[in-house]
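Below is a short briefing for a reader who has not seen this structure before. It goes through a few topics in turn.

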Amino acid sequence: MIPELGHFALILALVLAGAQAFFGIFGAARGDARWMAVVRPAVAGQFVLVSTAIGALVYAFVTFDFSVLYVASNSNSALPTFYRVAALWGAHEGSLLLWAWILVAWTLAVAMLSRNLPASFASRVMGVLGFVSFGFLLFTVATSNPFERLMPAAADGRDLNPVLQDPALAIHPPMLYMGYVGFSVAFAFACAAMLEGKLDQVWAKWTRPWTTMAWSFLSVGIALGSWWAYYELGWGGYWFWDPVENASFMPWLVGTALIHSLAATEKRGVFKSWTLLLAILAFSLSLLGTFLVRSGVLTSVHSFAADPTRGLFILAFLIIVVGGALALYAWRAPQLKSPAGFEGTAREAFLLYNNIFLVVTAAMVLVGTLAPLIADAMKMPPISVGSPFYDMLFPIFMLPLFVLVSIGIHASWKRGQLANGRNRILAGLAAALVLGLALMFFGYGPGKALTPIGMVLGIWIILSSLFDPIDRLRRKLTLPRAIIGMTVAHIGLGVGVLAVSTVESYTVERDAAIAPGETLALGRYAFRFESIKEIEGPNYDGVRAEVTVMRDGEPITVLHPERRNYWVQRSTLTEAGLASRGSQGLFLALSKELGEGRWSVRAQIRPLIDWVWLAAGLMALGGALATTDRRYRARAAANVPASESIVAQGSAAEAQ
Amino acid sequence: MTPRQKRMTLVLSILAGVSVAAWLGMQSFRANVMFFFDPSQIVAGEAPAGERFRLGGMVEKGSVVKTAGTLDIKFLVTDFKHTVAVKYSGILPDLFREGQGVVAHGRLQDGTFVADEILAKHDEKYMPPEVARSLKDNPPPPEPAGT
């Protein structure tokens, strides 16, 4: 009964989403206040209905209702309660439901916070969001109903995929979706502006907090996935350029470009059409990511679902949404004018360079990710593009960007003279050179060719970000949250550059076959395999080893790597033993038993690995701080200037 | 320079930069793309000598030879028409098993495929798409003696 209720709620939500799209877009087009008045109640109703559906599915999971196919496929009576809830998004159908729910939640937030915006504009924004929601709900109801019954009911469930039975991975998809779906708000704002034929600096001010917040969630989501890959997959790395990782990284790169481009649009009224294009691109890449992951077209650890009809549906939806938005763009963008000019060394110019580098990098990742699919579709010999491709290109594009970040932070709007910026640039660079090279030679020893460059740039970015806030504090000026947020995020970037340079240069790794009582030496460290014993968990058994880590012969910590055999799916999983000592990431993964009492193990020492995730956390925190700046909370209606209509501008331009 | 010239310089330098980036991308792509070969193609001599490529097929039943107490392993990869011997030393993915699909990265040396990476996939049902297609083109014969 409850699952049917959930299914029914989902169908009603679909109808409401359709109403929201129709009355939102056409109500605004007709200027009909009564039509537009339908939109907010439709959003609220849709939120209640999709929440009901989610609740029904959670209920089915928690009460072991194995007559529901999705529950029977992704849960088990031995599965702990926490994972029974997280199993909701453990596979395709539930993930879509979560996607739809997050979209409705974002829309509800827009509905509540947009009362100060012009009615027709808010109506169009929610209409576009309703259209996206309609597409996703239709997809869920038509091809991926999570409430489908299984007759007769299964005696017990097939269990949640063991790789997903992990706290970090349980919250990884919701965070990632918060980011992906959050870009739909920026997309809707862009479409509404194009439908309205009006794009001014106030528009950028409205759009910025939504975009920055979505970007923060995406950063957290990506970092959680990376962290999980480090300790769960047993390979010991934080990024593999796996197609699904790329699928989340592309929207992040374009989203990063978008938040910077929006800053220039808000402050100076420039890059209007470029900002619109980026908003469309960021959401398109989010949809593409969903398509790539959910259609099972990729050779990837993540492709749990493989169903061509679903892939085709998402592809068709992608074409309608992206194609429609681009057509709208082609129609409206030529009428947009960016009045203000600027010098090649003004802040606008640096933001433009930033955008070019980020978008080119995203294009590079896109080529690498899609090339195997395109070769396959064109019946060419199968190819694969592995990490060497990215490892070669990524630094080439990123290192110049980091130099530009360190310089561009000091640039001022419009005027090109870096006047008092010049001293800061030179002082920062000099300090970074000293600190970076000292860190390299005295801290870690000579590394690879790029090591000193990465270390110096990382420190330079951190120092450069600090000049302005410190100067403001010294002059007893206010320090708005937007500036604090920007500073924290840029420090996060610097920390990330420093951490990645260090990890990439100084990681030592060894695979070996060792027996209890033996010691594996790795640089100054040694791993002593003390003992191994059998363990039993709620739905698995396995072995746990005790490994003492020694540094210069002194024991410093004990690791407990595990190897678990999950009963239901009969798969084996590695839980690496991890510890951090003196900023060194110690890693030991236990693999197969090799006979004669020996086990294959992989040991790694990764300096500063924790800082990679710290960096992502700082960036996300910075984004969250900037979003909550007082400026955005102030009544938007109070400072809406007489907005210039782009259509009027366009005809004015023609008249000249 | 007039503002117009300045803008043109900016646009041209961006264009030049993006072209360089595209060229670098093409070069890197060409150097790093890996092709896939199945055992039949390797036996037919289609695989490039000395270059890294992907080999895929099924791990032949009863072919895995481990040296006890070490990480060394030898096995045969088959597409039910031909087989290729594979040598590897290192951590094997948890799902590596006889009779299961496998993808290995490595080079051909004296007729043996020396693998530097055996792909780790964490799904029981997983079959690499290339392997699936290769096996579709070469279905396992009803009578193994027939080939």
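**Where the two chains meet**

I383(A) stands opposite F35(B), a residue in strand 1 of chain B. The model is predicted. Strand 1 of chain A pairs with strand 1 of chain B, residues 33-37, in the antiparallel sense and over three bridges.

Contact between chain A and chain B

- In total, 38 residues of chain A are in contact with 33 residues of chain B.
- On the side of chain A that touches chain B, two or more residues come from each of these helices: helix 13 (347-377) and helix 14 (387-408).
- The strands of chain A that give two or more residues to that side are strand 1 (383-385), strand 2 (508-514), strand 8 (571-575), strand 10 (584-595) and strand 11 (598-607).
- Helix 14 of chain A gives the largest share of this side, six residues.
- Sorted by class, the side of chain A that touches chain B has 21 nonpolar, twelve polar and five charged residues.

Domains of chain A

- The domain assignment divides chain A into domain 1 (1-160), domain 2 (172-414), domain 3 (415-506 + 611-622) and domain 4 (508-609).
- The centres of domain 1 and domain 3 of chain A, taken over C-alpha atoms, are separated by 43 Å.

A hairpin in chain A

- Strand 5 (residues 540-551) and strand 6 (residues 554-559) of chain A pair in the antiparallel sense over five bridges.
- V549(A) has T557(A), in strand 6 of chain A, as its bridge partner.
- The hairpin of strand 5 and strand 6 of chain A has two residues between the strands, and D552(A) takes a positive phi near 50 degrees there.

Terms used: Residues are numbered from 1 along each chain as its sequence is written. Chains are lettered from A and ligands numbered from 1 in the order in which they are written. This is a predicted model: local features need pLDDT of at least 70, side-chain atom pairs count only at pLDDT 80 or more; totals for chains, interfaces and linings use all residues. Two residues are in contact if their C-beta atoms, placed from the backbone, lie within 7 Å. Helices (H or I, at least four residues) and strands (E, at least two) are DSSP runs, numbered from the N terminus. Ala, Val, Leu, Ile, Met, Phe, Trp, Tyr, Cys and Pro count as nonpolar, Asp, Glu, Lys and Arg as charged, and the others, Gly among them, as polar. Two strands pair if DSSP finds at least two bridges between them. Domain bounds come from an automatic or database domain assignment.
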